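Me: Could you walk me through a few features of this protein chain?

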Amino acid sequence: MKDKKLSFGESGDGAGSRERFFRGDAFAGAFSGCCLERYPELDRLKGVPQEETFHGEGDVYRHTEMVCRALTGFAEWNAMDAGEREILFPAAAFHDIGKKNCTKKEEGKILSPRHALAGEKVFRALAYREKERFGLSFAEREQAAKLIRYHGLPLWFAEKLRPEAELLKAAESISLRQLHLLAKADVLGRIADDREALADRVDWFGEYARELGVWEKPYPFYNSYTKQVFFHTENLGQGAQLYDDRTFDVYLMSGLPLSGKDSWIAEKGGGLSVVSLDRLREEMGISPAKGSGRVAMAALEQAKGFLRRKQPFIWNATNIIRETRRKLTALCAGYGARVHILYLEVPYRELLERNSIRQRHIPESVLEEMIDKLEVPAPWEAEEVRYLTVG
């Protein structure tokens, strides 16, 4: 198992040996042939309607085709190396994949609320299950997924309560230069009267990102404590300099079942106390299908005991939903703990193999549902986020 701090800008699992979709300037923009052969999932976008005022070109599939052609026509695209293209093009091709399930009609208008959030999960699950076809390392997959997640930010950042915080949060995971290019392709790859005005708004985003110093890299906070307070409160400027007087650490495990959390704790946990939801469930005699609330309450009481004593410990559970991690992080930080998230992942086929030989195996439908819901921790969520990958 690779145990290292992996930024989303690195390749974590043998990227150099896999087949590449783009080789130099080989891509000629043949969307229907080249892209659909590679990504047949895009065919599901045919017939998904869009509001004509903003998308006179027709359905989501037609818009996606126009976005990909716009992207590959930019001078910036031609200046990119193959590695950047292999992240940015899938993000463009799948940027609206979430509209398939989010599109609805309300008061005579076609809307697609939260389609970027849904699209991030859809893309992640696809690229995880079929890594060989997508050809993306963990780090590359997450960059593409986050580009999908944030593709609307350049258009709407000025309307956010804390615009600078939204840009700094995105910059923790992705290149805002790439996000700017994706958003520009998104607004130019359509038929709309306000297309040029939208493009100007995207360029304004680029100017603001440069002004904040996050065009190419994350913001250099004074220390990790200042960074954590900035991202988890609403009244601190990014240039603040907070004194860190915390004295103990809490480690939150995160990852799908069978990803190796127990093994990592046994090998590298340093003998720290462990709050284990699975262990508590067994001790309480509660089946996995029942009593989740009782188990969670027992785990919280055990954790609070450690927190009151300022005693380091490990919280061992799947923690694959961001809101769950947010609540745990807030609880521990409230007691003065430095919170670390350790995310573990193994390849899809290995996950299924481990489940098949497990004595108490997880129903396949449950495991697949968890993959679809998975939200990989972002670097801004805790004091430190480490990505421990296998393969």
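Here are some questions and answers about the predicted model.

Me: How many disulfides does it have?
Reply: Happy to start there. A disulfide here needs a pair of cysteine sulfur atoms within 2.5 Å. By this rule, the count is zero.

Me: Is C68 buried or exposed?
Reply: The relative accessible area of C68 is 3%. Buried means under 20%, so C68 is buried.

Me: Where does G56 lie?
Reply: G56 is partly exposed, with a relative accessible area of 39%. The C-alpha atoms of G56 and D193 are separated by 9.1 Å, although these residues are 137 apart along the chain. As for its place in the chain, G56 lies in the loop between α1 (31-38) and α2 (60-73).

Me: What volume does the largest pocket have?
Reply: By class, its lining has 11 polar, 12 charged and 19 nonpolar residues. Helices α14, α15, α16, α17 and α19 are among the elements that each supply at least two lining residues. The volume of the largest pocket is about 1500 Å³.

Me: Which residues are the closest to the centre of the largest pocket?
Reply: The lining counts 42 residues. Of these, the closest to the centre are P257, D278, R281, T318 and M370.

Me: Which residues lie nearest the centre of the second largest pocket?
Reply: About 960 Å³ of space lies in this pocket, and 32 residues line it. β3, α6, α9 and α12 each supply at least two of the lining residues. Nearest the centre lie S112, H115, G152, L155 and W156.

Note on methods
Residues are numbered from 1 along each chain as its sequence is written. This is a predicted model: local features need pLDDT of at least 70, side-chain atom pairs count only at pLDDT 80 or more; totals for chains, interfaces and linings use all residues. Side-chain values use heavy atoms; hydrogens and water are left out. Buried means under 20% relative accessible area, exposed over 50%, partly exposed in between (1.4 Å probe, protein chains only). Helices (H or I, at least four residues) and strands (E, at least two) are DSSP runs, numbered from the N terminus. On a 1 Å grid over the protein atoms alone, a cavity is a set of points where a 1.4 Å probe fits but cannot get out, and a pocket is an open set with protein on both sides within 12 Å along at least five of seven lines; lining residues have an atom within 4 Å of a point. Grid points are joined across faces, edges and corners, and a volume is the space filled by probe spheres set on the points. Ala, Val, Leu, Ile, Met, Phe, Trp, Tyr, Cys and Pro count as nonpolar, Asp, Glu, Lys and Arg as charged, and the others, Gly among them, as polar.
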